[in-house]
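Please look through the chain and its fold before reading on, and keep the view open while you go through the numbered points of this note.

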Amino acid sequence: MTNDTPARLPLAVAIMGPTASGKTGAALEIARRRPCEIISVDSALVYRGMDIGTAKPTPDELAAVPHHLIDIIDPAESYSVMQFRADALRLVDEIRQRGALPLLVGGTMLYFKALRDGLDALPPADPLIRAELDRDAAELGMPAMHARLATLDAPTAARLKPNDSQRIQRALEIIRLTGQPMSELLAQAVPEPLPFRLLPIALEPSDRAVLHQRIATRFDAMLDRANGGLLAEVRRLRTRGDLHPGLPSMRCVGYRQAWEYLDGQIDRATLRDKGIAATRQLAKRQLTWLRSMPDRIVIDCLAPEPAPAERIMAEIARWERTDG
């Protein structure tokens, strides 16, 4: 057996799952039992000052075990998949050198996919083409832009909603830059091998209705939290004056609906209904992503015994004894 075979590579653990599946609690329980550090795999937790609507770990939880990729950028800034992959690879190596086990914990499945499969060779953004597409979108509307994409790259258009402006315009931009559909470029991508073994654990509900109730309960708690909850948090963000609903940070589930409420577009009951519905849709998309990972180890996040953390610990022990 050579030094670069999988059994010789260090281990990192991916704890994936839909929102409200108990990923954070499981990771913290594991970290209480052995030296671990947590790498957040969540596109919302990167933002400073966005704590309630993102269900960010509490200060006590953050102090109990080292956390990474939380509170690293301002809400006016953006954080790319490329940045995440580079940061995650660096952090896994640093954590292993400190003798701890890296736990990659979160629900941003695009980040997990980029980490596992590598980045595609898509070209960087072009400001001039972006500006032209913005003008077209303002004049024609996103349904027309989606229809344009369907004539040029049907597979990509089929997986995007007609109002997904960011991804539709990115796909059209790629066609302009390369002369090829994004779907073809992605099919040509060659996966990049990881410098560690990744144990893929998925916390998934055996009863979707129970997960939906968890989501509703958690969203209500965000709204009813002391000191104004989510609405007070979004009010504070709005007073800065440099944030707007088009930013990736303000498009996060909960924040988008709170912004609409504070703009007077919807009432509080509608805010609650739309926020819960959007969170359930997010969970549905996350579960769809997970089902596309056939090698994942599925653990019922609703099982009382053995608890998810116990099951994960057993899988970690098994992988540390074997090649996985």
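**Notes on charged pairs, helix packing and cysteines**

1. R130, at 32% relative accessibility, counts as partly exposed, where buried means under 20% relative accessible area, exposed means over 50%, and partly exposed lies in between, computed with a 1.4 Å probe on protein chains only. This is a predicted model, in which local features need pLDDT of at least 70 and side-chain atom pairs count only at pLDDT 80 or more, while totals for chains, interfaces and linings use all residues. Residues are numbered from 1 along each chain as its sequence is written, and side-chain values use heavy atoms, with hydrogens and water left out.

2. The partner of R130 in a salt bridge is E173, and their closest N and O atoms are 3.1 Å apart; a salt bridge here is a side-chain nitrogen of Lys or Arg within 4 Å of a carboxyl oxygen of Asp or Glu. This pair links distant parts of the chain, since E173 belongs to helix α8 (residues 165-178) and R130 to helix α5 (residues 127-140), 43 residues apart. Helices (H or I, at least four residues) and strands (E, at least two) are DSSP runs, numbered from the N terminus. In contrast to the partly exposed R130, E173 is buried, with 0% relative accessibility.

3. How many salt bridges does the rule give? The count comes to 25 salt bridges.

4. R98 is partly exposed at a relative accessible area of 47%, whereas E37 is buried at 8% relative accessibility.

5. E315 is buried, its relative accessible area being 14%, and R318 is partly exposed at 33%. Elsewhere, salt bridges that share partners join E29, R32, R33 and E310 into one network.

6. Turning to helix packing, α4 (residues 109-117) and α13 (residues 268-291) pack at an angle of about 20°, with their axes 10 Å apart; axes are lines fitted to C-alpha atoms, for helices over the stretch in contact, and angles run from 0 to 180 degrees between N-to-C directions. That angle makes α4 roughly parallel to α13, because angles under 35 degrees count as roughly parallel, over 145 as roughly antiparallel, 65 to 115 as roughly perpendicular and the rest as oblique. The contact (heavy atoms within 4.5 Å) is made by M109, L110 and K113 of α4 together with Q286, W289 and L290 of α13.

7. On the cysteines, the count comes to zero disulfides, a disulfide being a pair of cysteine sulfur atoms within 2.5 Å. C36 is buried at 6% relative accessibility, and C252 is buried at 14%.

8. Finally, A150 is found in helix α6 (residues 142-152) and is partly exposed at 36% relative accessibility. A150 and I168 are 18 residues apart in sequence, and their C-alpha atoms are 9.8 Å apart in space.
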